[in-house]
Amino acid sequence: MRWNAGTEAWDGLEGAGWRVDDIVILEETPTGTDHNLISWDSSVGDWIDINTDDSDGEISTPDDATLEAAGSDGTVKPTEINPEQEDEWRRLYEGEWRPDETDDGIGLTSEGEWWGAIRMDLSDDIGLSFTDVAYFDHEEAAHYAQGYVAPDDGGAPAEDWIPTEEYEPTGAGWVELELDEPVAVESPGDYWIVMVFDDMGDGHFPFGCIEPEVDNGGMVNMDNPHDPGSWDNLGDFDLDYTWALESRVIPMDVYFNVEIVDYDEEVEPGEDVIVDYTVTNQGNEMDTQDIEFYVDGDLMGTVYDVTLESGEVYDDTFTWETTEDDLGKYDLMVASEDNQEEVTVQVGDVKEIDYYNIYRSENQDGPWDESALIAQVDADGSDSYSYVDEEKGEADDIWWWYVVRAVSEEGVEEQNTDAVQEPGAETSLFDLSLSTDAQADNWNFVSFNLVPTNSGLADILEDSEHGISGNYDRVMYFDAENDQWQSYIPGRDDHFNNLDNWDHTMGIWIQMNSDDTLTIEGSEPTSTDITLNPGWNMVSYPSAETTEETLPTEVTTVGYFDATEDNNIAYVEVDEFEFEPGQGYFLYAEEETTWTVDY
């Protein structure tokens with residue numbers, strides 16, 4: 001049923017027997033881009049046209065708007081529910097839980113998909129998980145309906161939301177739909193419970209709603225559910241409704257919840273930072289996990305094999321021994337396998353910036369010392385500063401790299417190496433063929449020879465044009481400086497993914513699940529200095545051609561990829577070796593040294 005502006009009558013009323021009390025229709029205009037809302041107001045017996053193109057905005061009353069009942073009062077009976085589960089379901093609508101009937105429903109006047117959602121703060125439910133979505137199936141009015149649950153991502157549901165099974169509406173009242181997999185409530189913040197309908201249109205109203213309006217309880221979207229700008233509230237259109245929508249949240253089998261209960265917010269350089277924390281198993285089963293302590297993303301300590309029964313609490317203290325060189329704000333984190341908590345500690349006084357040092361080098365790696373210092377810019381409290389490097393740029397055929405460092409009034413300079421290349425630098429592409437070889441357990445030991453435009457590991461691997469998204473399982477790298485393995489697994493919680501960057505000095509392991517080609521975009525270096533720490537180092541060969549290289553005298557052994565050997569590595573003791581671009585290598589150094597590779 002819809003109002004026909006051409007005939008000024010209601011289409012589809014011939015022989016109909018309905019009495020309408022409260023209906024809301026989402027109307028799609030002929031252009032398919034703008035949407036209007038039309039609401040039947042039973043208190044005045046009129047149809048109120050909201051957000052239309054009519055300049056007068058007046059209430060319109062159709063001549064034929066009198067409808068009569070014929071064996072139906074617009075109500076349906078709910079499916080059977082268990083009243084003992086009421087505390088497990090999260091909802092925003094007010095009044096009794098799951099009312100037996102709701103005469104109010106919303107739908108499109110033409111066929112198409114649209115989304116309705118509620119957005120809830122579940123900070124009190126950390127350690128629980130979503131398992132089901134329930135909504136009031138107002139009538140047999142959509143080709144299909146489906147629920148989703150996701151954490152908030154900048155004002156919209158995260159794109160990696162978890163769906164329920166698809167459901168064909170029958171007007172069955174309250175319907176419970178099971179999620180494909182549980183969604184853990186891992187951190188404070190908002191979560192979205194969403195329903196999508198493939199609406200039959202023409203006056204059908206699949207989604208039940210309940211008065212009155214509640215904040216974030218009537219979210220509606222007719223364009224893109226992952227775009228924050230596409231979401232509106234029913235209240236924005238003066239519609240006093242909340243979705244008859246809820247989601248079940250129950251304890252997980254295992255969930256070690258970390259809470260920092262006390263810590264030193266400020267210390268002087270050289271003093272210890274004491275962090276007191278607790279770990280509570282909020283799940284239903286006993287488990288054993290390691291508890292880790294990080295400072296600015298670097299692993300500083302681990303408590304191994306903490307075993308907790310359901311409901312049991314473990315408390316302990318981590319100590320971070322700062323040095324005289326530590327100065328500034330540091331992020332400290334305590335993490336279990338399930339969640340983590342982070343705090344910020346100030347080491348030393350906050351220093352006032354006196355000036356900025358500007359460094360220039362032909363190489364991304366510097367050196368960033370007095371030999372590269374080209375200017376100092378006084379700090380006057382401005383939000384931004386500029387410096388013109390005269391007689392440099394495209395005219396000199398060198399694509400320079402720059403680093404800026406702040407210097408305090410006490411003469412203390414920060415030590416960042418965040419190099420930025422001058423705009424307009426020409427870039428090249430380097431292809432890596434990655435394969436699934438059962439003999440090598442699908443591992444590839446690789447590197448690249450370009451200074452990457454973006455050295456973020458996830459950015460490289462997940463690049464929409466050049467990446468290998470979905471075709472790899474794991475990345476591994478041995479950090480010789482800190483004597484620890486680092487790893488990255490797509491989709492894993494960030495605090496477990498401690499391998500953040502990949503540059504042209506590093507060889508890494510990539511385990512594939514399908515053959516693919518990874519393309520690296522970057523600039524060609526003139527030469528590259530690779531620091532070799534005592535012991536084993538995982539390195540690249542950043543050169544344009546396969547070359548026999550003379551190694552530093554401190555290097556005694558080379559390890560190279562060979563799927564027939566244990567751990568896919570063959571070793572040879574040499575002072576020269578033929579290296580190939582794109583391959584990864586192990587170099588054993590008896591003491592610290594530098595290996596310089598010309599491009």
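Which residue forms a salt bridge with R119? That partner is D190, and the closest N and O atoms of the two are 3.0 Å apart. Before going further, please keep in mind that this is a predicted model. D190 sits in strand β13 and R119 in strand β8, residues 112-121, so this pair ties together parts of the chain that are 71 residues apart in sequence. D190 has a relative accessible area of 24%, so it counts as partly exposed.

The total comes to nine salt bridges. R248 meets E88 in a salt bridge at 2.6 Å, N to O. R248 is in strand β18, residues 245-251, while E88 is in the loop between β5 (46-50) and β6 (89-91); the two are 160 residues apart, and the pair links distant parts of the chain. R248 also meets D132, with an N to O distance of 4.0 Å. D132 belongs to strand β9, residues 128-137, and R248 to β18, so here the parts tied together are 116 residues apart in sequence.

E88 has 25%, so it is partly exposed.

Now a charged residue without such a partner. E549, in strand β40 (residues 547-550), is buried yet has no salt bridge. How far away is the nearest side chain of opposite charge? That side chain is R405, and it is 26 Å away. What the side chain of E549 does have is a polar contact with the side chain of Y541, at 2.7 Å.

Q346 lies in strand β26, residues 340-347, and its relative accessible area is 9%, so it is buried. Its side chain and that of K329 are joined by a polar contact of 3.3 Å. G203 is in the loop between β13 and β14 (207-210). With 11% relative accessibility, G203 counts as buried. G203 and I106 are 97 residues apart in sequence, but 9.0 Å apart in space, C-alpha to C-alpha.

The largest pocket has a volume of about 1,700 Å³. Of its 42 lining residues, D479, E481, N501, D503 and M506 are the closest to the centre. Elements giving two or more residues to this lining include β23 (298-308), β25 (328-335) and β34 (472-479). By class, the lining has 13 nonpolar, 17 polar and twelve charged residues.

The second largest pocket has a volume of about 950 Å³. It is lined by 31 residues, and D160, E186, G491, R492 and D493 lie nearest its centre. Strands β10 (142-151), β12 (173-184) and β13 (190-199) each supply at least two lining residues. Which of the elements gives the most to this lining? That is β12, with four residues. By class, this lining has 14 nonpolar, six polar and eleven charged residues.

How values were computed: Residues are numbered from 1 along each chain as its sequence is written. This is a predicted model: local features need pLDDT of at least 70, side-chain atom pairs count only at pLDDT 80 or more; totals for chains, interfaces and linings use all residues. Side-chain values use heavy atoms; hydrogens and water are left out. On a 1 Å grid over the protein atoms alone, a cavity is a set of points where a 1.4 Å probe fits but cannot get out, and a pocket is an open set with protein on both sides within 12 Å along at least five of seven lines; lining residues have an atom within 4 Å of a point. Grid points are joined across faces, edges and corners, and a volume is the space filled by probe spheres set on the points. Ala, Val, Leu, Ile, Met, Phe, Trp, Tyr, Cys and Pro count as nonpolar, Asp, Glu, Lys and Arg as charged, and the others, Gly among them, as polar. Buried means under 20% relative accessible area, exposed over 50%, partly exposed in between (1.4 Å probe, protein chains only). Lys and Arg count as positive and Asp and Glu as negative; His and the chain ends are not counted. A polar contact is a pair of N or O atoms within 3.5 Å; within protein, one must be able to donate a hydrogen and the other to accept it, and residues adjacent in sequence count only if both atoms are side-chain atoms.
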